[in-house]
Amino acid sequence: MSTSSNPATQLVLVSGLSGSGKSIALRVLEDAGYYCIDNLPAALLEDTLRVLAEYGEFRVAISIDARSKDSYQQLPEWVSRLQTGLDLRLLFLEAKTETLVRRFSETRRRHPLSSDQRALHESIELERDLLDPVARLAHRIDTSDLSVSTLQTWIKDFVAVKSARLTLLFISFGFKHGIPLDADLVFDVRCLPNPHYDPELRPLNGRDQPVKAFLQNSTDVSEMLQDIRQYVEKWLPCFIRDHRAYLTVAIGCTGGQHRSVYLCEQLAQHFSTREQCLVRHRELK
(Lines give C-alpha, C1' and ligand atoms only; values in the text may rest on other atoms or scores of the structure.)
Protein backbone atom coordinates (compact mmCIF):
# COMPACT_ATOMS: atom_id res chain seq x y z
CA MET A 1 0.00 0.00 0.00
CA SER A 2 1.29 3.46 -0.87
CA THR A 3 0.78 6.09 1.83
CA SER A 4 2.95 8.86 0.42
CA SER A 5 -0.12 11.10 -0.05
CA ASN A 6 -0.70 11.04 3.71
CA PRO A 7 2.38 10.10 5.72
CA ALA A 8 0.68 11.19 8.97
CA THR A 9 -1.78 8.28 8.97
CA GLN A 10 -1.89 6.62 12.38
CA LEU A 11 -2.71 2.93 12.57
CA VAL A 12 -3.04 0.87 15.75
CA LEU A 13 -3.22 -2.86 15.08
CA VAL A 14 -4.74 -4.73 18.01
CA SER A 15 -4.17 -8.47 18.23
CA GLY A 16 -3.96 -11.09 20.94
CA LEU A 17 -5.57 -14.09 22.51
CA SER A 18 -9.32 -14.50 22.55
CA GLY A 19 -10.65 -13.28 25.89
CA SER A 20 -7.60 -11.11 26.65
CA GLY A 21 -9.35 -7.74 26.33
CA LYS A 22 -9.19 -6.71 22.66
CA SER A 23 -12.75 -5.36 22.74
CA ILE A 24 -11.83 -3.15 25.69
CA ALA A 25 -8.81 -1.86 23.77
CA LEU A 26 -10.95 -0.95 20.77
CA ARG A 27 -13.44 0.91 22.96
CA VAL A 28 -10.61 2.95 24.48
CA LEU A 29 -9.26 3.79 21.03
CA GLU A 30 -12.71 4.67 19.70
CA ASP A 31 -13.18 7.06 22.61
CA ALA A 32 -9.79 8.56 21.71
CA GLY A 33 -11.00 9.38 18.21
CA TYR A 34 -9.82 6.39 16.20
CA TYR A 35 -11.94 4.83 13.46
CA CYS A 36 -12.22 1.26 14.79
CA ILE A 37 -12.81 -2.03 12.99
CA ASP A 38 -13.17 -5.30 14.89
CA ASN A 39 -12.15 -8.71 13.52
CA LEU A 40 -10.92 -7.59 10.10
CA PRO A 41 -9.55 -10.49 8.00
CA ALA A 42 -5.81 -9.87 7.73
CA ALA A 43 -5.94 -10.24 3.92
CA LEU A 44 -8.14 -7.12 3.70
CA LEU A 45 -5.83 -4.87 5.75
CA GLU A 46 -4.11 -2.95 2.96
CA ASP A 47 -7.26 -2.45 0.87
CA THR A 48 -9.16 -1.28 3.94
CA LEU A 49 -6.54 1.32 4.79
CA ARG A 50 -6.59 2.58 1.22
CA VAL A 51 -10.37 3.03 1.22
CA LEU A 52 -10.39 4.70 4.64
CA ALA A 53 -7.70 7.16 3.49
CA GLU A 54 -9.85 8.06 0.50
CA TYR A 55 -12.65 8.96 2.91
CA GLY A 56 -10.36 11.02 5.13
CA GLU A 57 -9.96 8.55 7.99
CA PHE A 58 -6.33 8.88 9.08
CA ARG A 59 -6.56 7.65 12.69
CA VAL A 60 -7.47 3.99 12.48
CA ALA A 61 -7.53 1.09 14.93
CA ILE A 62 -8.07 -2.44 13.61
CA SER A 63 -8.42 -5.70 15.51
CA ILE A 64 -6.98 -8.77 13.77
CA ASP A 65 -6.72 -12.18 15.41
CA ALA A 66 -6.61 -15.91 14.80
CA ARG A 67 -10.01 -15.86 13.14
CA SER A 68 -8.19 -14.57 10.05
CA LYS A 69 -6.99 -18.17 9.56
CA ASP A 70 -4.09 -18.60 7.13
CA SER A 71 -3.80 -14.92 6.19
CA TYR A 72 -2.82 -14.09 9.78
CA GLN A 73 0.55 -15.72 9.19
CA GLN A 74 1.31 -13.01 6.61
CA LEU A 75 0.66 -10.21 9.08
CA PRO A 76 4.34 -9.74 10.10
CA GLU A 77 5.25 -9.24 6.43
CA TRP A 78 2.47 -6.67 5.96
CA VAL A 79 3.44 -4.90 9.17
CA SER A 80 7.03 -4.58 7.94
CA ARG A 81 5.84 -3.14 4.64
CA LEU A 82 3.34 -0.72 6.20
CA GLN A 83 5.87 0.67 8.69
CA THR A 84 7.56 2.63 5.89
CA GLY A 85 4.48 4.77 5.27
CA LEU A 86 2.46 4.84 8.48
CA ASP A 87 2.69 5.76 12.13
CA LEU A 88 2.09 2.12 13.02
CA ARG A 89 1.61 0.70 16.53
CA LEU A 90 1.14 -3.01 17.14
CA LEU A 91 -0.55 -3.93 20.42
CA PHE A 92 -0.80 -7.55 21.57
CA LEU A 93 -2.95 -8.58 24.54
CA GLU A 94 -2.45 -11.89 26.31
CA ALA A 95 -3.27 -13.63 29.58
CA LYS A 96 -2.47 -16.80 31.47
CA THR A 97 -4.24 -19.92 30.26
CA GLU A 98 -6.03 -20.47 33.57
CA THR A 99 -7.29 -16.88 33.47
CA LEU A 100 -8.65 -17.29 29.94
CA VAL A 101 -10.32 -20.59 30.86
CA ARG A 102 -12.08 -18.84 33.75
CA ARG A 103 -13.19 -15.94 31.56
CA PHE A 104 -14.65 -18.24 28.91
CA SER A 105 -16.39 -20.28 31.61
CA GLU A 106 -17.90 -17.16 33.17
CA THR A 107 -19.18 -15.76 29.87
CA ARG A 108 -20.04 -19.17 28.35
CA ARG A 109 -18.55 -18.02 25.07
CA ARG A 110 -17.14 -20.50 22.58
CA HIS A 111 -13.44 -20.21 21.79
CA PRO A 112 -12.96 -19.49 18.06
CA LEU A 113 -10.55 -22.45 17.69
CA SER A 114 -12.55 -24.90 19.77
CA SER A 115 -13.85 -28.16 18.34
CA ASP A 116 -15.35 -31.45 19.51
CA GLN A 117 -11.86 -32.97 19.47
CA ARG A 118 -10.10 -30.09 21.27
CA ALA A 119 -10.52 -29.02 24.90
CA LEU A 120 -10.70 -25.33 25.82
CA HIS A 121 -7.19 -25.14 27.29
CA GLU A 122 -5.83 -26.89 24.17
CA SER A 123 -7.55 -24.32 21.95
CA ILE A 124 -5.99 -21.50 23.97
CA GLU A 125 -2.48 -22.97 23.67
CA LEU A 126 -2.97 -23.57 19.94
CA GLU A 127 -3.99 -19.94 19.50
CA ARG A 128 -0.98 -18.80 21.55
CA ASP A 129 1.35 -20.71 19.21
CA LEU A 130 -0.36 -19.37 16.08
CA LEU A 131 -0.09 -15.76 17.26
CA ASP A 132 3.48 -15.94 18.55
CA PRO A 133 5.17 -14.44 15.42
CA VAL A 134 3.04 -11.32 15.79
CA ALA A 135 3.42 -11.18 19.59
CA ARG A 136 7.20 -10.96 19.22
CA LEU A 137 6.84 -7.78 17.14
CA ALA A 138 4.29 -6.05 19.35
CA HIS A 139 3.95 -4.12 22.54
CA ARG A 140 2.55 -6.84 24.79
CA ILE A 141 0.24 -6.42 27.76
CA ASP A 142 -0.52 -9.29 30.12
CA THR A 143 -4.11 -8.67 31.26
CA SER A 144 -4.29 -11.67 33.63
CA ASP A 145 -4.45 -9.61 36.83
CA LEU A 146 -5.46 -6.19 35.51
CA SER A 147 -8.63 -4.29 36.26
CA VAL A 148 -10.47 -2.80 33.30
CA SER A 149 -9.55 0.73 34.40
CA THR A 150 -5.85 -0.16 34.63
CA LEU A 151 -5.88 -1.73 31.16
CA GLN A 152 -7.60 1.36 29.77
CA THR A 153 -4.91 3.61 31.30
CA TRP A 154 -2.06 1.47 29.93
CA ILE A 155 -3.54 1.55 26.42
CA LYS A 156 -3.83 5.34 26.56
CA ASP A 157 -0.17 5.53 27.61
CA PHE A 158 0.77 3.20 24.74
CA VAL A 159 -0.77 5.34 22.01
CA ALA A 160 0.62 8.55 23.52
CA VAL A 161 4.31 7.71 23.02
CA LYS A 162 6.12 8.27 19.73
CA SER A 163 6.31 5.18 17.52
CA ALA A 164 9.55 5.97 15.70
CA ARG A 165 11.77 5.14 18.69
CA LEU A 166 12.17 2.18 21.00
CA THR A 167 10.00 2.42 24.10
CA LEU A 168 11.58 1.16 27.32
CA LEU A 169 8.95 -0.11 29.74
CA PHE A 170 9.65 -0.80 33.42
CA ILE A 171 7.01 -2.87 35.20
CA SER A 172 6.98 -3.77 38.89
CA PHE A 173 5.28 -6.95 40.07
CA GLY A 174 4.98 -9.37 42.98
CA PHE A 175 6.30 -12.88 42.51
CA LYS A 176 3.44 -14.27 44.61
CA HIS A 177 1.11 -13.14 41.82
CA GLY A 178 3.23 -14.61 39.00
CA ILE A 179 5.74 -13.26 36.49
CA PRO A 180 4.24 -10.98 33.78
CA LEU A 181 3.92 -12.77 30.45
CA ASP A 182 4.95 -9.63 28.59
CA ALA A 183 8.38 -9.32 30.26
CA ASP A 184 11.53 -9.40 28.11
CA LEU A 185 13.98 -9.09 31.01
CA VAL A 186 13.13 -10.16 34.58
CA PHE A 187 15.07 -9.18 37.70
CA ASP A 188 14.40 -10.72 41.12
CA VAL A 189 14.97 -8.24 43.99
CA ARG A 190 13.44 -10.28 46.83
CA CYS A 191 16.89 -10.50 48.44
CA LEU A 192 16.83 -6.79 49.31
CA PRO A 193 15.72 -5.33 52.68
CA ASN A 194 11.93 -5.38 52.82
CA PRO A 195 9.99 -2.32 54.09
CA HIS A 196 7.00 -4.61 54.57
CA TYR A 197 8.35 -5.63 57.97
CA ASP A 198 8.25 -2.06 59.26
CA PRO A 199 4.65 -1.45 60.50
CA GLU A 200 4.84 2.24 59.53
CA LEU A 201 6.06 1.51 55.99
CA ARG A 202 3.87 -1.52 55.28
CA PRO A 203 0.77 0.44 54.09
CA LEU A 204 2.92 2.67 51.83
CA ASN A 205 4.55 1.88 48.49
CA GLY A 206 7.84 2.50 46.72
CA ARG A 207 6.78 5.94 45.48
CA ASP A 208 6.27 7.29 49.01
CA GLN A 209 9.14 9.26 50.51
CA PRO A 210 9.53 7.24 53.75
CA VAL A 211 9.90 4.01 51.74
CA LYS A 212 12.32 5.68 49.33
CA ALA A 213 14.42 6.92 52.26
CA PHE A 214 14.46 3.43 53.79
CA LEU A 215 15.68 1.84 50.55
CA GLN A 216 18.15 4.60 49.72
CA ASN A 217 19.92 3.90 53.02
CA SER A 218 20.67 0.32 51.95
CA THR A 219 23.96 -0.42 50.21
CA ASP A 220 22.48 -3.60 48.75
CA VAL A 221 19.65 -1.66 47.14
CA SER A 222 22.06 0.88 45.66
CA GLU A 223 24.27 -1.86 44.25
CA MET A 224 21.29 -3.77 42.82
CA LEU A 225 20.03 -0.60 41.15
CA GLN A 226 23.44 0.06 39.65
CA ASP A 227 23.83 -3.53 38.40
CA ILE A 228 20.41 -3.56 36.70
CA ARG A 229 21.05 -0.15 35.18
CA GLN A 230 24.41 -1.23 33.79
CA TYR A 231 22.96 -4.47 32.41
CA VAL A 232 20.17 -2.66 30.57
CA GLU A 233 22.59 -0.02 29.29
CA LYS A 234 24.94 -2.70 27.95
CA TRP A 235 22.31 -4.73 26.08
CA LEU A 236 19.84 -2.04 25.03
CA PRO A 237 21.79 -1.25 21.82
CA CYS A 238 21.45 -4.91 20.79
CA PHE A 239 17.67 -4.74 21.12
CA ILE A 240 17.63 -1.51 19.11
CA ARG A 241 19.76 -3.10 16.34
CA ASP A 242 17.26 -5.97 16.32
CA HIS A 243 14.60 -3.40 15.31
CA ARG A 244 12.68 -3.87 18.54
CA ALA A 245 10.02 -1.24 19.10
CA TYR A 246 9.48 -2.16 22.77
CA LEU A 247 11.59 -3.61 25.57
CA THR A 248 9.86 -4.57 28.82
CA VAL A 249 12.02 -4.82 31.94
CA ALA A 250 10.17 -6.45 34.85
CA ILE A 251 11.35 -5.99 38.44
CA GLY A 252 9.85 -8.36 40.96
CA CYS A 253 9.77 -8.45 44.75
CA THR A 254 7.47 -10.50 46.99
CA GLY A 255 4.31 -8.41 46.91
CA GLY A 256 5.09 -5.81 44.27
CA GLN A 257 4.49 -2.88 46.63
CA HIS A 258 7.82 -1.49 47.81
CA ARG A 259 11.20 -2.62 46.44
CA SER A 260 10.19 -3.33 42.85
CA VAL A 261 8.16 -0.11 42.64
CA TYR A 262 11.07 1.95 43.93
CA LEU A 263 13.59 0.39 41.53
CA CYS A 264 11.31 0.81 38.50
CA GLU A 265 10.82 4.48 39.30
CA GLN A 266 14.56 5.03 39.70
CA LEU A 267 15.41 3.18 36.49
CA ALA A 268 12.82 5.10 34.47
CA GLN A 269 14.11 8.37 35.85
CA HIS A 270 17.64 7.45 34.78
CA PHE A 271 16.81 6.23 31.26
CA SER A 272 14.18 8.86 30.43
CA THR A 273 16.91 11.37 29.59
CA ARG A 274 17.81 9.23 26.53
CA GLU A 275 14.92 6.88 25.77
CA GLN A 276 11.14 6.88 25.72
CA CYS A 277 10.11 5.32 29.02
CA LEU A 278 6.88 4.04 30.51
CA VAL A 279 6.40 2.84 34.09
CA ARG A 280 3.73 0.40 35.22
CA HIS A 281 3.09 -0.97 38.69
CA ARG A 282 1.00 -4.09 38.29
CA GLU A 283 0.12 -4.65 41.93
CA LEU A 284 -0.66 -1.03 42.88
CA LYS A 285 -4.38 -0.41 42.70
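**Pockets of a predicted model**

**View 1. Residue classes in the lining of the largest pocket.** The lining residues of the largest pocket comprise 15 nonpolar, five polar and seven charged. Ala, Val, Leu, Ile, Met, Phe, Trp, Tyr, Cys and Pro count as nonpolar, Asp, Glu, Lys and Arg as charged, and the others, Gly among them, as polar. The model is predicted: local features need pLDDT of at least 70 and side-chain atom pairs count only at pLDDT 80 or more, while totals for chains, interfaces and linings use all residues. Residues are numbered from 1 along each chain as its sequence is written, and side-chain values use heavy atoms, with hydrogens and water left out.

**View 2. The centre of the largest pocket.** This pocket holds about 590 Å³ of space. Among its 27 lining residues, Gln83, Leu137, His243, Arg244 and Ala245 lie nearest the centre. A pocket is an open set of points on a 1 Å grid over the protein atoms alone, where a 1.4 Å probe fits, with protein on both sides within 12 Å along at least five of seven lines; lining residues have an atom within 4 Å of a point. Grid points are joined across faces, edges and corners, and a volume is the space filled by probe spheres set on the points.

**View 3. Elements lining the largest pocket.** Helix 3 (75-82) and strand 4 (87-94) each supply at least two lining residues. Strand 4 gives the most, with four residues. Helices (H or I, at least four residues) and strands (E, at least two) are DSSP runs, numbered from the N terminus.

**View 4. The second largest pocket.** About 350 Å³ of space lies here. Of its 20 lining residues, Gly19, Ser20, Gly21, Lys22 and Ser23 are the closest to the centre.
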